[in-house]
Amino acid sequence: MLGIAAQLILKKYADADSRRFKAIMVRFASVVYPGDTLEVYTWKRNNLIQFEVKTKEAVGPVIT
């Protein structure tokens, strides 16, 4: 799940160039089950790209 989110963020903000990826810090906030639909929300603040992952099935974020 984290890999999927990182891949989508790279594609959106770095033209899918993994060399531009420096670091990632996350908190796993909830359980994701097979078949859950992931929703990745991103926003850029100064020099950082922040994101949150939710599922349509769970209440609240699963990665923050």
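Does arginine 19 count as buried, partly exposed or exposed, and what is its relative accessibility? At 69% relative accessibility, arginine 19 counts as exposed. Here, buried means under 20% relative accessible area, exposed over 50%, and partly exposed in between (1.4 Å probe, protein chains only).

## Before we dig in

This is a predicted model, where local features need pLDDT of at least 70, side-chain atom pairs count only at pLDDT 80 or more, and totals for chains, interfaces and linings use all residues. Residues are numbered from 1 along each chain as its sequence is written, and side-chain values use heavy atoms, with hydrogens and water left out.

## The sheet and its helix

Let's start with the strands. Three of them form an open sheet in the order E1-E2-E3, with antiparallel pairing. E1 and strand E3 (61-63) are the edge strands, since each pairs on one side only. From one strand to the next, the twist averages 40°. Strand E2 (residues 48-55) is joined to E3 by 2 bridges, and valine 53 stands opposite isoleucine 63 in E3. Helices (H or I, at least four residues) and strands (E, at least two) are DSSP runs, numbered from the N terminus, and two strands pair if DSSP finds at least two bridges between them.

Now for the helix: H1 lies across E1, E2 and E3, running at about 45° to E1. Angles run from 0 to 180 degrees between N-to-C directions, using axes that are lines fitted to C-alpha atoms, for helices over the stretch in contact (heavy atoms within 4.5 Å).

## The core

The largest nonpolar core has 6 residues: Ala5, Ile9, Phe51, Val53, Val62 and Ile63. H1, E2 and E3 each supply at least two residues of this core. Such a core is a set of buried Ala, Val, Leu, Ile, Met, Phe, Trp, Tyr and Cys residues joined through side-chain atoms within 4.5 Å. Leaving aside residues up to four places away in sequence, alanine 5 touches Val40, Phe51 and Val53.

## Charged partners

Back to arginine 19: its side chain meets that of aspartate 17 in a salt bridge (3.0 Å, N to O). That term means a side-chain nitrogen of Lys or Arg within 4 Å of a carboxyl oxygen of Asp or Glu. Aspartate 17 is partly exposed, at 21% relative accessible area.

The whole structure has 3 salt bridges. Another one links aspartate 15 and arginine 20 (4.0 Å, N to O); aspartate 15 is exposed at 66%, while arginine 20 is partly exposed at 49%.
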